Amino acid sequence: MSRPDPERLAVWRSFLEAHATITRTLAVELEAERSLPLNWYDVLLHEAGGRLRMQELAGRLLVNKSSLSRVIDRMSDAGYVEREPSLEDGRGQYAVLTRDGRDTLRRAAPTHLRGVQEHFAQYLTESDVVALQRVFGKLAGPEYE
C-alpha cells in the first residue's frame with residue numbers, strides 16, 4: 001500500500017481545513033443575512049433550471065437520497081420547492097423550484113457570491129486559478145464519477 005509523502009498529506013489537510021472554514025463562514029453569512037441554510041441555497045442553485053429528478057439532484061449535491069428527501073420536505077414546507085411524481089416510472093419524483101424558490105435564490109446569490117469572493121477568490125492569483133483548474137480537473141475526471 002502506498003502512502004502520500006508528507007508534503008502531499010500537508011496539502012490535503014490544508015485543503016480540508018480551508019474547505020471546512022470557508023463553508024462554515026459562508027453558511028453563517030447566508031443564514032444571518034438571508035435566513036437561508038447553505039444546503040438549501042445549494043438545492044435552489046442546482047434546481048435553477050426549474051425541475052430535477054430527486055436522484056439526479058442528490059448526485060449533483062453529493063448527498064444521499066434520504067438526506068435530500070428530508071431537506072426537500074422542509075423546503076417544500078417553506079414554499080421553495082414542490083414535489084412532482086414522475087410520469088415515466090411512477091416511483092421517481094421531481095423537485096420543482098417554485099416562484100418563491102427562484103426569488104429566494106435571486107436574493108441570496110449576492111450574499112453567497114460576495115462571500116466566495118471575500119473568503120476564497122480574492123486570494124487566488126491568475127497562476128493559482130490555472131493550477132487549481134488543472135488539479136481539480138484531474139480529480140473530477142471520469143475515474144471519479
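Which residue in β3 is the bridge partner of arginine 53? The legends below start there.

**View 1. Arginine 53 and its partner in the sheet.** The bridge partner of arginine 53 is tyrosine 94, in β3. This is a predicted model, in which local features need pLDDT of at least 70, side-chain atom pairs count only at pLDDT 80 or more, and totals for chains, interfaces and linings use all residues. Residues are numbered from 1 along each chain as its sequence is written, and side-chain values use heavy atoms, without hydrogens or water. β1 pairs with β3 (residues 93–97) in the antiparallel sense, over 3 bridges. Two strands pair if DSSP finds at least two bridges between them.

**View 2. The open sheet.** Its 3 strands run in the order β1-β3-β2, with antiparallel pairing. β1 (51–53) and β2 (81–85) are the edge strands, and each pairs on one side only. The twist averages 25 degrees from one strand to the next. Strands (E, at least two residues) and helices (H or I, at least four) are DSSP runs, numbered from the N terminus.

**View 3. Valine 96 in strand β3.** Valine 96 belongs to β3. Its relative accessible area is 12%, so valine 96 is buried (under 20%; exposed is over 50%, partly exposed in between; 1.4 Å probe, protein chains only). Beyond residues up to four places away in sequence, valine 96 touches Glu47, Gly50, Arg51, Tyr80, Val81, Glu82 and Glu84. Contact means heavy atoms within 4.5 Å. Glycine 49 is 47 residues from valine 96 in sequence, and 9.0 Å away in space, C-alpha to C-alpha.

**View 4. Helix α3 against the sheet and α4.** Helix α3 (residues 54–61) lies across β1, β2 and β3, at about 90 degrees to β1. α3 also packs with α4 (residues 65–78) at an angle of about 105 degrees, their axes 9 Å apart. Axes are lines fitted to C-alpha atoms, for helices over the stretch in contact; angles run from 0 to 180 degrees between N-to-C directions. α3 and α4 are therefore roughly perpendicular to each other (65 to 115 degrees; under 35 is roughly parallel, over 145 roughly antiparallel, the rest oblique). Met54, Gln55, Leu57, Ala58 and Leu61 of α3 meet Lys65, Leu68, Ser69 and Ile72 of α4.

View 5. α1 (residues 6–34) has 29 residues. From first C-alpha to last, α1 reaches 41 Å, close to the 42 Å expected at 1.5 Å a residue (1.5 Å times one less than the number of residues). Ile22, Leu26, Glu29 and Leu30 are buried in α1. The buried residues of α1 pack against α2 (38–46) and α5 (99–119).
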